[in-house]
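User: I would like a close look at one part of this model. Please keep it brisk and give the cut-offs as you go.

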Amino acid sequence: MKIAVVGGGNGAYAAAADLGSLGHEVRLWRRDTEALKKSSTLTLKDADGEKQVSVSVSPDLGQALRGAELVFMPDPAFTQADNAKRIAPHLADGQVVFLAPGTFGSYVMAQIIRDAGNRADFAFAETGTLPWLTRKHSPTTAAITARATRLPTGVYPSKRSEFAFSVIRKAFKSIEPVEDALSGALMNAGPVIHPPLILMNAGPLEHFEKWDIHKEGTQPSIRRVTDALDAERIAARVALGYKAPHFPLADHYRADGDEWMYGRKVHKKLTDSNDWRERIVLTEHRYMREDVEHGLAFLVSVCEWAGVPCPTARGLLALASAVVGRDLRKTGRTLEGMGLSGLSKTELRKKLQ
């Protein structure tokens, strides 16, 4: 399959290398192609060792998207508005844009593209996590610690779900369909796992040059907060009529739990890799900009709109607002900001269809 990968972060490199190694025709576009100009080869590192994968690096976005069945966009939610404007002139009939994860970006980006005048028959899809636990080890090396085994995914508009899933499954066999894009957005693990980890580890993060929030930073008290936050996410899903499985984050940590998105016993692989021992600047890192400002603000707005109590989510969002010095409930991604908060549940469901 012809796949366009748009982005330059850890997920984009993992996608280009991994999907290319499976025989797909991958074209990679990023704003700065300087690092890859000297080489059309990426190094893929995983449990099987290292392999060299040839990729096509396109400096022209239109060329990268032309003829692609799947457009894979794993960059953070705060890049979605700009990326939507970039791809708006080029997106064509029959193409599927896959966000991993999405933070309801499927709806946001589609509206921007429609407002730009594109009337093509495309579809957006979004899932609950990146299909890989991955970090770049060099400007041309993608290291994959684990691959997702279950990817709960929703489509916008949902009437295009059958077609969209038929395309995405050619690249990602682990896709599990959910009802619609909002259901997919409420599977996003980032706004549940990362806000407690960065806010309750704020002291070590600012004191030490590097700190692993998933190793030393994941302690029982923090896990209890994560469980409470995840319970609010699941309560919102239930209130909106979305069906189980809800992929409780506790299964990621429990050896005897149901299989989570990355399978069982993956947390130890993550911490043993040392790839997540890193410098995190609280006001700048994507854990704050994506998972709090976009993801957690969105979760709070959905809970409040659905009448679901969310004291943990609201408290964490208030703490984060104090850290960054602005009210993220007002400036973050919310149903109010998208003009959707005045709709009833039935009206929103129809709009998502």
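This is a predicted model: local features need pLDDT of at least 70, side-chain atom pairs count only at pLDDT 80 or more; totals for chains, interfaces and linings use all residues.

What does E304 count as by relative accessibility, and at what percentage?

Analyst: Residues are numbered from 1 along each chain as its sequence is written, and side-chain values use heavy atoms, with hydrogens and water left out.

E304 counts as partly exposed, at 35% relative accessibility. Buried means under 20% relative accessible area, exposed over 50%, and partly exposed in between, with a 1.4 Å probe and protein chains only.

One partner is R314, with the closest N and O atoms 3.3 Å apart. That pair links distant parts of the chain: E304 sits in helix α14 and R314 in helix α15 (residues 311-324), 10 residues apart. Helices (H or I, at least four residues) and strands (E, at least two) are DSSP runs, numbered from the N terminus.

Another partner is R329, at 2.7 Å from N to O. R329 lies in helix α16 (residues 328-331) and E304 in α14, so this bridge ties together parts 25 residues apart in sequence. R329 itself is buried, at 19% relative accessibility. Through shared partners, salt bridges join E304, R314, R329 and E336 into one network.

Now the cysteines. C303 is buried, with a relative accessible area of 0%. C310 is buried too, at 4%. The sulfur of C303 has its closest cysteine sulfur in C310, 4.5 Å away, which is too far for a bond. A disulfide needs a pair of cysteine sulfur atoms within 2.5 Å. The count under this rule is zero disulfides.

The largest core has 119 residues, of which L70, F104, F124, F172 and L182 touch the most other members. Helix α14 (residues 291-306) supplies the largest share, 10 residues.

Leaving out residues up to four places away in sequence, F172 touches L19, L70, F72, F98, P131, W132 and L151. Contact here means heavy atoms within 4.5 Å.

L151 leads on to the sheet. The bridge partner of L151 in β12 is I175. Strands β11 (residues 151-156) and β12 pair in the parallel sense over three bridges; two strands pair if DSSP finds at least two bridges between them. The sheet is open, has eight strands with mixed pairing, and runs β5-β2-β1-β6-β7-β8-β11-β12. Edge strands β5 (56-57) and β12 (175-177) each have a single partner, so one side of each lacks a neighbour in the sheet.

R150 pairs with E176, the closest N and O atoms being 2.6 Å apart. R150 is in the loop between β10 (141-147) and β11, while E176 is in β12, so the pair ties together parts 26 residues apart in sequence. R150 is buried at 18%, and E176 is partly exposed at 24%. The structure holds 16 salt bridges.

Note on methods:
A nonpolar core is a set of buried Ala, Val, Leu, Ile, Met, Phe, Trp, Tyr and Cys residues joined through side-chain atoms within 4.5 Å. A salt bridge is a side-chain nitrogen of Lys or Arg within 4 Å of a carboxyl oxygen of Asp or Glu.
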